[in-house]
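Hi there,

Here is the structure I promised to pass on to you. Have a look at it first, and then read my notes below.

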Amino acid sequence: MEHIRHAARRALPLVVLLPAAALAATGPSAASESGGGTAPRGGAKPTVVLVHGAWADASGWNKVVRSLQAEGYPVIAPANPLRGLSADSDYLAARLKTVKGPLVLVGHSYGGSVITNAAAGNPNVTSLVYVAGFAPDKGETALQLIAEHAGSHLTDDAEAPVPTALDAVPLGGGPTDVDLYIKPEKFGDVFLSNRLDAARTNALAASQRPAHVATSAQPSKGAAWRTIPSWSLVTTDDRTIGTENLRFMAKRAGSTTVEVDAPHAVLETDPDQVTDLILRAAHGARPALARAGASVRLAETGTGERAAILGGTAVLAVAGGTALVVRSRRT
């Protein structure tokens, strides 16, 4: 079992500021925070729904899809629109209503926020699986969660108008109507922790799907992990969300947690470990060490107090056409 070094707990908040009015006008719909209970231990296998996050697409799940299908599981890997947490959650919730039988929802990165909201009110959802994914509480944004602890490489300049690893592309609908891309030269570090060869890294950077700024700034309207059993895969070299932030969310959710020596894009580097955790969630069982030789650390986590809370309300400075403002706070 590999020893995992814990990252420093020095908070390094990252805040992309949006108008309060714009945030208040939108938010993910949730009829109820209640979802399903325990996964079925017999009968038909649940349908596994794989939701990708920002700067990726559904093809990132291909290896996992093949493995799950080989085990006899029905699988859906829908395209996540990446237009905002409200719209994306509603989109997935509508798709889930068309699927009969039990459901296991799996979210990578921002996809975790989407499944957390889309599961609301759907009694067929039996398990939630967070793969290096956000697990927000009600009222939280992805930006607030990134700010809990240091570790994200999205910016290295507190005064930069846009996080230094990102390119902002105005869409013409106003100063907050902006798409965000990871700069090609930063993609390998931020998303992959420099674990893949240059050819594959460049291909992924070139084909990335942008995330609208609303994906990270709209607050969650629910926290399905409070009523639905959850599993979390924590990547110990995560430079997008930050490893300590993933640990914080997994512990708070009371998730059964697996730690893997991998970058944020664990679907690329360790798809077998992702598959193993999904299978255990589908069985409703606590995970054990996966395939022989895997660098995995298991931690049974329970609900813990929030270690730090980001103070203040995010507000956009739109004067002069500035679309984004990023600030870093060091403690």
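**A strand, its neighbours and a helix**

In S9, Ser230 is the bridge partner of Leu128. This is a predicted model, where local features need pLDDT of at least 70, side-chain atom pairs count only at pLDDT 80 or more, and totals for chains, interfaces and linings use all residues. Residues are numbered from 1 along each chain as its sequence is written, and side-chain values use heavy atoms, leaving out hydrogens and water.

Strand S5 (residues 125-131) pairs with S9 in the parallel sense over four bridges. S9 also pairs with strand S10 (residues 256-260), again parallel, over five bridges, and there Trp231 stands opposite Thr256. Two strands pair if DSSP finds at least two bridges between them; helices (H or I, at least four residues) and strands (E, at least two) are DSSP runs, numbered from the N terminus.

Is S9 buried or exposed? Six of the six residues of S9 (residues 230-235) are buried, so the strand is largely enclosed by the rest of the structure. Buried means under 20% relative accessible area, exposed over 50%, and partly exposed in between (1.4 Å probe, protein chains only). Ser230, Ser232 and Val234 point one way from S9, while Trp231, Leu233 and Thr235 point the other way.

Now for the helix. Ten of the eleven residues of H9 are buried, so this helix is largely enclosed too; among them are Leu246, Phe248 and Met249. Just after H9, Gly254 takes a positive phi of about 70°.

Enjoy exploring!
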